[in-house]
Amino acid sequence: MAGELLICVPGQRLCLCDKVYTSGQGTYERQGYIYSQLAGYVDIVEKDGVKIVEVHTSGEQTVVPAQGDIVTAQVNIITQQYCKCYIKCIGDAVLRRPYRAVLRREDIRATEKDKVEVYKSFRPGDIILARVLPITEAHTYQLSTAENELGVVIAHSEYGHPMVPVSWTQMQCSKTYVKEFRKVAKVVPENINQQRLIKRAELVTE
Amino acid sequence: MAEQYRSLHPIKYYRDYLVHNVRPDGRQFDKFRPVILNVGSIDTADGSAIAKVGRTTIVCGIKAEFCRPKAETPDQGFIVPNLELPPLCSPKFKSGPPSDQAQVLTQIIADIIQHSKCVDPKDLCIFPDKLAWCLFVDFICLDYDGSLVDACIMALMGALRTVTLPSVDYDPSLDNKLVNLEERKHLPIHSTPISATFVIFDDKIILADPTVDEENLCTGIITIVLKGDDLCCIHKPGGSPLTEEELFEYIGKSKKRAPLINNLIEAALENINK
Amino acid sequence: MPIDRKRINGPEETVPYNLYTKLNTKSLLQEFDELFCDGKRADNRAPLEHRKIFLKTGVVSQAKGSAYIELGKTKVIVSVFDPREIPNRTDYSLKGEIYCEFNCTKRRLHQQDAEEKQYSAIMKQALESTVCRHEFPNFQVDIYALVLHNDGSPLSAAITAAGVALSHAGVPMYDLIVSATLGIQHNVKFLDPSNTEQRLCDVSISSDGKEDSHGIIVISMLHTHEQISQFYQVGNISLEDITESVKVLETACKDIVPLVQKHLVKHILKTIKNNEDYVILVSS
């Protein structure tokens, strides 16, 4: 990626905004031109004959959760009606400051919603994958785990040992073999090769 | 991926590194971070210094003012240290009155100044029971990345050594003071306390000069302040218990580091005197 | 005054020693003549010459974005944090908010005084126009500025640094923002005044009772769109002088921009290089 990089700073005029070029992430349009919003490098993505001009930061970007985002959250408090959690990552982006969110009982599962019990789905300390629901008047984010791929990914048993999933409703402690109920996520690696790369990266850095 | 792991399971993330005898920032367990000291950079103060320990940055400014000595100690001046942790230095802090942490640290620093006797309050007296100097020593943290006491003490010593006080003609019968700004004198410094901070991780691993993450995750923290070869003060607010041998080991480690810091302060002062 | 129990208090009454120095009985006019003679200022600058600017990003490791700026001896550090929920708010706001805090490290009361509050408000106004606030509804971005050493024009320094810190933090912005200060006294315009110059510009010093233009102007400019996002003026300045001054300030801002751009580009290249090194490390 070296050499050909187009560096830009906020407010820099990038190109005309016409039928071919449209404004994408990290840019905005004003009076027929596309301008950059960020300090970073320009990336042009071609999609259906349209070129989307995007700007990516070289460092961390400042993002807040938006509707439809898949987020990683940590469960903090559970009650009979809902559980409160902290959003820690949006997609791949790690947040420096966690955001509060609520996961209501009826949003835990897609089917048999009235039979769901919060304490049989999540426990404080669990790491979950969830989707952000449309933002309402309420101030905290609302999450949903009503998809197969969403739910608990990392959990510890009552004795503090890590647990492994045994079914989509149960997890087992790796030390004591006690089974506990959870709304388990079916984790599909986005890119298996990428994971292998990361493993190697960890080895190298060690 | 590593970043996510760090955010979700910080303790495990650390343990994975510590098993391999290395810390996430690449340091060995007993390795201290590089230190930088810059003195006399703020000329509106009577003495100043900026100390950096790794990324932790502390600015220390000393301002001298006139005051009347206390009746019970008529021959002594005052040293008033205060540490400020502004919201600028870390997202943990809010603006407003000093947090508990700032108050605790301020008290530690005040104790160290008092016990090390680096400045004799008697030197600050101009005329007994009538006039004395009050040194306001203000610390401002610009970047909060652990081992704050170490940085504060280093900044303090750098700043104290640059303090110059103007000469004063005092006429006690008329209560007349006349300050001669041209004639400034250095403050006598009697000793140089040097502090070193360690954290205890999982009750057994000892890490020197912790970063803020390490301070947050540790099970115990200990700050050792030395004055030359003598022990000046140890601050260990609870946490994991220590055996006697372990304690002596830390003291030995901080002793080894002391000459280094001493040299640094001398070198910084030499630069400015040139 | 109630006792502050959260700090170590010194003796009840202290007096700065400067009060007892031999009094200098120079009039302001004399001081002005000393400061400005033969078309040169005290620090050997021409009236419309800006001081050298030094910029550095990433000085506060705990912050999302940070910048340090030096205008001669004026030193300001600014840090920007992640958006957070607006405390004590019940209604929904479509646009995010910006919270600015401007602090001087002068030894004074620990609460923000009126001047600092006013500067905070000006800074907020200046930056609101450049940050894409619709990107983070219901949140506020905290910006803290700390003046380490005040030698004139601290507000301009803080605004310019805040612009750099915001883009370092990756906060979406419409444009780069830069700011400049100008002082007027006795028909002389001082660009980027030092502390003494600024003090002299604050008051009328003419002896014959005739009102002369005197005062301070601070403007902030959005570079690409050539808009003035903030204008602040104190003192008594004639309209012609204001028009002229704004022109001077505009050119001054234009001169600062390349410096900021250069710095940002350098920063981007550096981070990209670091990332690349990491990638190479992984694939090797």
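Guide: One term before we start: two residues are in contact if their C-beta atoms, placed from the backbone, lie within 7 Å. And keep in mind that this is a predicted model.

Visitor: Fine. Chain B, then. What domains does the assignment give for it?
Guide: Domain 1 of chain B covers 1-31, and domain 2 covers 32-273.

Visitor: How many residues of domain 1 of chain B are in contact with domain 2 of chain B?
Guide: Nine residues of domain 1 of chain B are in contact with 10 residues of domain 2 of chain B. On the domain 1 side, the classes are five nonpolar, no polar and four charged residues.

Visitor: And what separates the centres of domain 1 and domain 2 of chain B?
Guide: Taken over C-alpha atoms, those centres of chain B are 31 Å apart.

Visitor: What about the domains of chain A?
Guide: The assignment for chain A gives domain 1 (7-57) and domain 2 (70-181). Their centres, over C-alpha atoms, are separated by 37 Å.

Visitor: Back to chain B, helices now. At what angle do α3(B) and α4(B) pack?
Guide: Helix α3 (residues 100-116) and helix α4 (residues 148-162) of chain B pack at about 45 degrees, and their axes are 11 Å apart. Angles under 35 degrees would count as roughly parallel, and 65 to 115 as roughly perpendicular. α3(B) and α4(B) are therefore oblique to each other.

Visitor: Is the crossing of α3(B) over α4(B) left-handed or right-handed?
Guide: Right-handed, as α3(B) passes α4(B).

Visitor: Which residues meet there?
Guide: From α3(B), Leu105(B), Ile108(B), Ile109(B) and Ile112(B). From α4(B), Leu148(B), Val149(B), Cys152(B) and Ile153(B). By class, that contact of α3(B) with α4(B) has eight nonpolar residues, no polar and no charged.

Visitor: Chain C has a helix pair as well. How do α2(C) and α3(C) pack?
Guide: Helix α2 (residues 114-128) and helix α3 (residues 154-168) of chain C pack at an angle of about 40 degrees, with axes 10 Å apart. That makes α2(C) oblique to α3(C). The crossing of α2(C) and α3(C) is right-handed.

Visitor: Who meets whom between α2(C) and α3(C)?
Guide: Tyr119(C), Ile122(C), Met123(C), Ala126(C) and Leu127(C) in α2(C) meet Leu155(C), Ala158(C), Ile159(C) and Ala162(C) in α3(C).

Visitor: Switching to strands. What joins β10(C) to β11(C)?
Guide: Nine bridges join strand β10 (residues 214-222) of chain C to strand β11 (residues 227-236) of chain C, and the two run antiparallel. Met221(C) has Ile228(C) in β11(C) as its bridge partner.

Visitor: How many residues lie between β10(C) and β11(C) in the hairpin?
Guide: Four residues. In the turn, Glu226(C) has a positive phi of about 50 degrees.

Visitor: Now a sheet in chain A. What order do the strands of the three-stranded one have?
Guide: β14-β15-β16 of chain A, in an open sheet with antiparallel pairing. β14 (163-165) and β16 (179-181) of chain A stand at the edges, each with a single partner strand, so one side of each has no neighbour in the sheet. On average, neighbouring strands of this sheet are turned by 35 degrees against each other, direction ignored.

Visitor: How many bridges pair β15(A) with β16(A)?
Guide: Three, with strand β15 (residues 170-173) of chain A antiparallel to β16(A). In one pairing, Gln172(A) has Lys179(A) in β16(A) as bridge partner.

Visitor: Last topic, interfaces. How many residues of chain C are in contact with chain B?
Guide: 27 residues of chain C are in contact with 41 residues of chain B. β1 (14-16), β4 (74-80), β6 (97-104) and β7 (139-149) of chain C each supply at least two residues on the chain C side. β7(C) gives the most, with five residues. That side of chain C divides into 12 nonpolar, nine polar and six charged.

Visitor: Which strand of chain B do bridges join to β1(C)?
Guide: Strand β3 (residues 56-67) of chain B, through three bridges, running antiparallel to β1(C). Cys67(B) stands opposite Thr14(C) in β1(C).

Visitor: And what does the contact of chain C with chain A take?
Guide: 33 residues from chain C and 32 residues from chain A. α5(C) gives the most to the chain C side, with 11 residues. The chain C side there has 19 nonpolar, eight polar and six charged residues.

Terms used
Residues numbered from 1 in each chain as written. Chains lettered and ligands numbered in written order. Predicted model: local features only at pLDDT ≥ 70, side-chain atom pairs only at ≥ 80, totals over all residues. Nonpolar A, V, L, I, M, F, W, Y, C, P; charged D, E, K, R; others polar. Pairing = 2+ DSSP bridges. Domains from an automatic or database assignment. Axes fitted to C-alpha atoms, helices over the stretch in contact; angles between N-to-C directions. Parallel < 35°, antiparallel > 145°, perpendicular 65-115°, else oblique. Left-handed = near helix turned anticlockwise from the far one by under 90°.
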